[in-house]
Amino acid sequence: MAQTRSSQEKDIYRPEPATLAKVQPVTEMESFFELRLDSGKELGHMPGQFVEVSVAGIGEAPFGVSSSPTRQGSFHLLLRRVGNVSSALHRLKAGDKVGIRGPFGKPFPVDDAMKGQDILFISGGIGLVPVRSVIQYVFDHRRDYGAVTILFGTKSPADRLFVDETDEWKRQPDTVYLESVDRADASWKGNVGVITTLMPKITIDPVRTVAVICGPPIMYKFVLMELNKMGVPSERSYVSLERHMKCGVGKCGHCQINGLYACQDGPVFRYSDLIPVREAFR
Amino acid sequence: MMTREIRIIPLSEMPAFVGALMQGHKVLAPTRNDDGLCVFAWLAAPEQADWTCGIPQVPPKQAFLPRTEILFTYHREKGRETITPPPAPEPQIALGLHPCDVQAVKVLDAVFSAEPSPDQPYLARRAATTLIGRGFTEQDPLVFCRELGIDPMDNRDCDAFLVPLAGGQAEHTTSRMALEILTDKGVALRLAYDGFPKAGVEDLAAIAEARKQSAARGVPLLDMAVIQRRLENIFNSDLWNRIHEPCVGCGACAFLCPTCHCFDIQEEVMGQDGARVRVWDTCQFDLFTRHASGHNPRLSQKERSRQRIMHKFSYGVGKFHIPFCVGCGRCIAVCPAHNDVRQILKEISDFK
């Protein structure tokens, strides 16, 4: 048992200082943030993990890391302006200080279950944010994986994220990138319809494919039904679930999903493990 | 547990003993508040400790998990923050805990020491605490710790333990306390107890008799394994509709529960200075699970009432092999809707 709090490395609630290297609006509601830890160290995360970001005077909130650990020197977040902390972060500029705790949670199994497999990415809206970390990781270890298929759906063309980068993804070897919008505007020439309307357009080998899924709560049920039709086993589908998290270390209770804690047992779960978990897709 | 020694303290001398404990320790003990209600509170004077209290309505968990606790403070200057950790906790004594409240501390210990992220603020307070339990010969009508296998005379997991003894003419009235010293932390209180006489042969016999009588008061045990199994199968049952219907979602059951430990982390700001604080929170509130987007995975009080029961009797047992309920009866006493966890457990057990 700890004697005192003198061993500050062990204080799980103490954030470490970081500096915003870049802040860039992406859509009306979302901005991109590049951060560096003031210690000069790497964040040390794996794709799918999250950090708790502190804004002094406002508070702390969890956000999925959007960049791959293979891209060293900084890490990325992309936030929608909806809560106290995300709104405060949108008021900051490059050079401003924030606090970071983490990385926390279970990542996508990029080095085990996904290795050597075809990868199907399915993301809706800002669900692409943590998935981008996995996509970058896969492209940075391209030979370790088979065919890559990326499906991305948003409400409207203006809500698309990482537009320049998704153009690059299309040009990667053995890669299919498809996007769709729920509602088109006059300029839109691409697919229209919810994300599941993209799924019949692709050809995959269901028993060689691992699916990586992240999107709004409503999306999972329909995507998982469609994957089932396509023959992808539930053991090969991984989802990242959103919950209201506070402590990030399995104590505060907020993110509980039945007996699981999203912050520690997740946020990435294998779908087959969630089938008996009644509160998972709510 | 090996008893190191036993001292006898006349009830009239208890303020002297408590006063001696207060030298060098903060002391949390049963006391009466301004409304005459028994609560666990930090003593300002030794006479405030009240030995007529049964199970105080406010539990002792505040000794380890304060209602509001500063995790760190910070000072902002030129866009930079200097973070200061709070001072190390002072030595403290949690005095007069009913064995069911001691069991609740074990639940908190399990949660807050769990790997991979042991909770330093909790563990530091816990390490700074000497736990003095207290035996009870009578059981309050709302208390059902015996049904959960907790003997109200059991001194396990305590550093010291008070056994109430009757004596003289008034044979049914507590006239003195036998103080059992059980651990090194207990021995460290020597200055406070050294002036009191060691237990004699008759005292030892009286203590043994009190334990024997308590153990003999057998009650049918709740079958926690059956309850846990049944909970697995009735997640979507109508039962939850009945249970949650009268619930007003006030959260009193959770705040007064000695094992409920969920918390929120908030920010307090005064100009350039601020603090990150942790405060008690409860799964009974809508905001507890609501995302910033507005989406709420536990939409109604039905899901929230169910969560409370599931966490106590299913998830907690699954993860830590210990029920998150100790039968103290506080939630029964305070529920404005008269929800009774004993009745709920019966319905779950009987559910077909």
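## The sheet in chain A

In what order do the strands of the open sheet of chain A run? The order is 10-9-8-7-11-12-15, seven strands with mixed pairing. Strand 10 (191-192) and strand 15 (268-270) of chain A stand at the edges with a single partner strand each, so one side of each has no neighbour in the sheet. Strands here are DSSP E runs of at least two residues, helices are H or I runs of at least four, and both are numbered from the N terminus. Two strands pair if DSSP finds at least two bridges between them.

Strand 11 (residues 209-214) and strand 12 (residues 237-240) of chain A run parallel, joined by three bridges. A:Ile213 has A:Val239, in strand 12 of chain A, as its bridge partner.

## About the model

This is a predicted model, in which local features need pLDDT of at least 70, side-chain atom pairs count only at pLDDT 80 or more, and totals for chains, interfaces and linings use all residues. Residues are numbered from 1 along each chain as its sequence is written, chains are lettered from A and ligands numbered from 1 in the order in which they are written, and side-chain values use heavy atoms, leaving out hydrogens and water.

## Helices across the sheet

Helix 2 (residues 128-140) of chain A lies across strand 7 (118-124), strand 8 (148-154), strand 9 (175-181) and strand 11 of chain A. Helix 2 of chain A runs at about 160° to strand 7 of chain A. Helix 4 (residues 217-230) of chain A lies across strand 7, strand 11 and strand 12 of chain A, at about 165° to strand 11 of chain A. Axes are lines fitted to C-alpha atoms, for helices over the stretch in contact (heavy atoms within 4.5 Å). Angles run from 0 to 180 degrees between N-to-C directions.

## Salt bridges

Side chains of opposite charge can pair when their charged atoms come close. Over all chains, the structure holds 36 salt bridges. Each is a side-chain nitrogen of Lys or Arg within 4 Å of a carboxyl oxygen of Asp or Glu. A:Glu60 forms one with B:Arg276, with the closest N and O atoms 3.4 Å apart. A:Glu60 lies in strand 4 (residues 59-64) of chain A and B:Arg276 in strand 11 (residues 273-280) of chain B, so this pair joins two chains. Both residues are buried, meaning under 20% relative accessible area; exposed is over 50%, and partly exposed is in between (1.4 Å probe, protein chains only). A:Glu60, A:Arg101, B:Glu267 and B:Arg276 are linked in a network of salt bridges.

Within chain B, B:Arg32 pairs with B:Asp50, the closest N and O atoms being 3.0 Å apart. B:Arg32 is in strand 2 (residues 26-32) of chain B, and B:Asp50 is in the loop between strand 3 (38-42) and strand 4 (68-77) of chain B, 18 residues apart. B:Arg32 is partly exposed at 40% relative accessibility. B:Asp50 is buried, at 16%.

## A buried Asp without a salt bridge

B:Asp159 sits in the loop between strand 7 (129-134) and strand 8 (160-166) of chain B. B:Asp159 is buried and has no salt bridge. The nearest side chain of opposite charge, B:Lys185, is 4.7 Å away. Lys and Arg count as positive, Asp and Glu as negative; His and the chain ends are not counted.
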